Amino acid sequence: MAKFQSLQEAVAENLRDGDTVAFEGFTHLIPHAAAHEVIRQGRKDLTLIRMTPDIIYDQMIGMGLARKVIFSYAGNPGVGLLRRMRDAIENSWPRSIETVEHSHAAMANAYEAGAAGLPCAVFRGYRGAGLKEVNPAIKSVTCPFTGEELAAVPAHRPDVTFIHAQKASKRGEVLVEGIVGVQKEAVLSAKRAVVTVEEIVDDFDDLHPNLCILPHWTVTSIVHVPGGAHPSYTHGYYDRDNANYLEWDKISADRDLFAQWMKDNVLNVGPEVFAARVQGL
Amino acid sequence: MSGFTPTEMMTIAAARALSNDDVCFVGIGAPSAACNVARLTHAPDITLIYESGTIGTAPEVLPLSIGDGELCETAVSTVPVPEMFRYWLQGGRISIGFLGAAQLDRFGNINTTVIGDYNHPKVRLPGGGGAPEIATSCKEVYITMKQSTRGMVEKIDFYTSFGHGDGGDHRQRLGIDTKGPTLLITDLATWKPDPDTKEFTVVSMHPGVTREQVQETCGWKVRFADNVEETPPPSELELSTLRDLQARTERAHGGKKGV
């Protein structure tokens, strides 16, 4: 049964030092407000799982929260590179991080396997690809029926998954619309799930029955954070702040500029600032 | 037709390679521009798929990311990402995968992962994303990139996405039954793999381009086909479609900013 909490309480109760955690959202619905709260609370030694680490993990890595990152595309989508993540990999700043790199197909399959309660995902992948030479978690299995060799990777089983969504009902049901990404799989594969939402409504009685709804008993905690995906977007509420993604390339290029930006925009503010950030988008 | 840039010629030549019947998995950047020019000119019914799960999308402006909202709003259907990779890509439903490359070798193997050693990289690039499986699960693969000796190299530093490996029947030997890279479009030329060796060979040069220019900007010894054609220059319609698309894109991505 989902609890309705403040973001401060939800993070404090659900995420511990050393946890394996996924903040998912495929370009869309990236839970930035939740990540900022984690940064404010100073969690340490996290194993971060995310298909595209995006700005959200660039910030967490740059602030030294991560011990390990499991990912499949370390870029700032449409802009270029993730400069804080690169600084950690190339120069161990502010600390060294372990990386476990996959393809998108492997990551998506690993979430699905986690949601399905399987120990591993099996798929036709990595053929001829260099990643299987450098990532020992990529193995192969032989189909017992056809003899075909297939790729196998361990299922994702995060301690906690954070996602952002459009709506929750008062009962705690969660609606995700638009590019649904791996949101459902990431929630169902995790031990605990925290969902930030744009809106809390009375009920979902008038919705189409096939919309992606997570039943209230699959969610641990729900937090009302309008604008909580910014600079990512929430379909039906506000657009992606592409200019902000472009600007991040400059902010993240310089350690001091980054530190100052984090102080001004994350450490010294609270989740209530997100609503104003999406006005006009 | 008056002036056009080499990049415009590249995008338009790439767009021409696509047909109305294609189901195309679109990489971001240059492939995305080419695929949408095709859709807005000679291939209005082409199915464009981005890895965010958007199937049959028709954006008014080029997306900055593969998951921009407009891709979903204009799509025939938007499916979850695990389904995208399992049913649609792995299921063999995509005719063409359209990829860009940071580093490319003569056999169409692509590196977008690292420059230097994987564990101690000189430059850490973003990595593969969907590309490793796009390269092997789509029926065939088109590649587009600008020529440079840094990009087109004798030996790539990392096999992000497998092309023809060491050439010949290397794909078949690995049990890969799709065709792999069948076309390379650069800002100077159009290349196709030799039927036997699978080495990319120049089959057409863009207007005004010389063999020396093609060689100077390529890190391997270039092979030219027996009859190298000249790529027809961009038509008025192709060029205005591309430029309008880019102007709309510029306005859409530069204009909005939150606080």
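Predicted model: local features only at pLDDT ≥ 70, side-chain atom pairs only at ≥ 80, totals over all residues.
I begin with A:Ser92. This residue has 10 other C-beta atoms within 10 Å, so A:Ser92 is exposed. Its place in chain A is the loop between α4 and β7. The backbone there has a feature to note: A:Ser92 is not a glycine, yet its phi is positive, at about 55°. For background, most residues other than glycine have a negative phi, and most peptide bonds are trans.

What is the form of the bond from A:Trp93 to A:Pro94? It is cis, with omega near 0°. A:Pro94 lies in the loop between α4, residues 83-91, and β7, residues 98-101, of chain A. A:Pro231 sits in the loop that joins β15 (221-224) to α8 (242-251) in chain A.

One further loop residue in chain A is A:Glu148, found between β9 (139-142) and β10 (149-154). Buried or exposed? A:Glu148 has 10 other C-beta atoms within 10 Å and is therefore exposed. From A:Glu148 to A:Gln279 the sequence separation is 131 residues, and the C-alpha to C-alpha distance is 53 Å.

Next, helix packing inside chain A. Two packed helices are described by the angle between their axes and the distance between the axes. Take helix α1, residues 7-14, and helix α2, residues 32-41: their axes cross at roughly 65° and come within 10 Å. The angle makes α1(A) roughly perpendicular to α2(A). Their crossing is right-handed. On the α1(A) side the contact is made by A:Leu7, A:Gln8, A:Val11 and A:Ala12, and on the α2(A) side by A:Ala33, A:Ala34, A:Glu37, A:Val38 and A:Gln41. Sorted by class, that contact has 6 nonpolar, 2 polar and 1 charged residues.

Now chain B as a whole. Chain B has 8 helices and 14 strands. A compact globule of 259 residues would have a radius of gyration near 18 Å; chain B has 18 Å, so the value agrees. The C-alpha trace of chain B spans about 45 × 45 × 40 Å along its principal axes. Of its 259 residues, 53% are buried. Among contacts in chain B with a separation of 6 or more, 67% join residues 24 or more positions apart.

One pair shows how chain B brings separate stretches together. B:Gly167 and B:Lys198 are 31 residues apart in sequence, and their C-alpha atoms are 5.2 Å apart. B:Gly167 is in the loop between β10 (140-144) and α6 (170-173) of chain B. With 19 other C-beta atoms within 10 Å, B:Gly167 is partly exposed. Beyond its neighbours within four places in sequence, B:Gly167 touches B:Phe107, B:Thr197, B:Lys198 and B:Glu199. B:Lys198 belongs to the loop between β12 (189-193) and β13 (200-205) of chain B. There are 23 C-beta neighbours inside 10 Å, so B:Lys198 counts as buried. B:Lys198 is not a glycine either, and has a positive phi of about 70°.

Last, the place where the chains meet. How many residues of chain B are in contact with chain A? The count is 47, and they touch 55 residues of chain A. On the chain B side, α3 (69-73), α4, β9 (121-124), α5 (131-137) and α8 (236-255) each supply at least two residues. The largest share, 5 residues, comes from α4(B). By class, the residues on this side of chain B are 18 nonpolar, 22 polar and 7 charged.

Helix α4(B), residues 81-90, packs against helix α5 of chain A, residues 104-115, at an angle of about 110°, with the axes 8 Å apart. The two helices are therefore roughly perpendicular to each other. α5(A) passes α4(B) in a left-handed crossing. From α5(A), the residues that meet α4(B) are A:His104, A:Ala105, A:Ala108, A:Asn109, A:Tyr111 and A:Glu112; from α4(B), they are B:Val81, B:Pro82 and B:Phe85. This contact has 6 nonpolar, 2 polar and 1 charged residues.

That is the end of my part.

Conventions:
Residues numbered from 1 in each chain as written. Chains lettered and ligands numbered in written order. Axes fitted to C-alpha atoms, helices over the stretch in contact; angles between N-to-C directions. Helix = DSSP H or I, 4+ residues; strand = E, 2+ residues; numbered from the N terminus. Parallel < 35°, antiparallel > 145°, perpendicular 65-115°, else oblique. Left-handed = near helix turned anticlockwise from the far one by under 90°. Contact = placed C-beta atoms within 7 Å. Nonpolar A, V, L, I, M, F, W, Y, C, P; charged D, E, K, R; others polar. Buried ≥ 20, exposed ≤ 12 C-beta atoms within 10 Å, placed from the backbone. Rg over C-alpha atoms; globule rule 2.2 N^0.38 Å.
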